[in-house]
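Thanks for coming. I have one structure to go through today, so please have the sequence and the coordinates open.

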Amino acid sequence: MRAKCTEEGPYESWLRGSVDNSFMVPWTQLMQRVTGPGKTVRRVRVVTEPHSSCIQWEYATAHVNVEAGESIRWLPRHKLHEDLVFPVEGNDWWLFDDKLLAVGHFDDTGRVLGPEVIDDPETVAACARVRDLLWASAVQHSEYTS
């Protein structure tokens, strides 16, 4: 949902033209462990077009996620239904087995402030409904052009 990245670390290096995706190794190893036995990991990226440099970087690195087992789809923000209300105040969130929700909190510069874990069934169900709606409307990574 967010279009800003903090300009430090891998993103900053990418902005300077240096590509080093080694920072993703812990994540890709986790994805391989999770998806190996048959679980599914899906990610929908709701993005504004034209893309900010942060989203361009996420697009450029998405193949690493896909190769590790994630299914990624992209949904341009202008294609969202105008009545759609995002749960958890529009923050990024991750839903685990439709039972547990982790909400990402970031400052105005894109710096990670930390997660909030929510297990309230009503909030989790609202996120599951939005996830399913977005997933059905989004374009597979292999077919999306930035």
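Thr145 counts as exposed, because its relative accessibility is 60% and the threshold for exposed is over 50%. Keep in mind that this is a predicted model. Thr145 sits in the segment after strand S6, which spans 139-140. In sequence, Thr145 and Tyr59 are 86 residues apart, yet their C-alpha atoms are 9.0 Å apart in space.

Next, helix H2, residues 25-35. Which residues of H2 are buried? They are Thr28, Met31 and Thr35. These three cover an arc of only 55 degrees around the axis, so they lie on the same side of H2. As a general point, an α-helix has 3.6 residues a turn, so residues three or four places apart point the same way. The buried residues of H2 pack against H3, the helix at 53-68. On the face of H2 turned away from that buried side we find the exposed residues Pro26 and Arg33.

The largest nonpolar core has 16 residues. Leu80, Val88, Trp93, Leu95, Leu101, Val103 and Leu134 are those with the most contacts inside it. S3, S4 and H4 each supply at least two residues of this core, and H4 gives the most, with five. Apart from this core lies another, of six residues, including Val47, Ala62, Ile72 and Tyr144.

Take Trp93 from the largest core. What does Trp93 touch, leaving out residues up to four places away in sequence? The list is Pro87, Val88, Leu101, Ala102, Val103, Cys127, Val130 and Arg131.

Trp93 also brings us to the largest pocket, where Trp93 is among the lining residues nearest the centre, along with Trp27, Arg43, Glu70 and Trp94. The lining of this pocket comprises 49 residues, and the space in the pocket is about 1700 Å³. By class, the lining has 27 nonpolar, nine polar and 13 charged residues.

Which element gives the most to that lining? Strand S1 does, with six residues. Among the other elements that each supply at least two lining residues are helices H1, H2, H3 and H4, and strands S3, S4 and S5.

Conventions
Residues numbered from 1 in each chain as written. Predicted model: local features only at pLDDT ≥ 70, side-chain atom pairs only at ≥ 80, totals over all residues. Heavy atoms only, no water. 1 Å grid on protein atoms, 1.4 Å probe; cavity = no way out; pocket = protein on both sides within 12 Å on 5 of 7 lines; lining within 4 Å. Points joined across faces, edges and corners; volume = space filled by probe spheres on them. Helix = DSSP H or I, 4+ residues; strand = E, 2+ residues; numbered from the N terminus. Nonpolar A, V, L, I, M, F, W, Y, C, P; charged D, E, K, R; others polar. Core = buried A, V, L, I, M, F, W, Y, C linked by side-chain atoms within 4.5 Å. Buried < 20%, exposed > 50% of the residue type's maximum accessible area, 1.4 Å probe, protein only. Contact = heavy atoms within 4.5 Å. Arc of directions from axis to C-beta.
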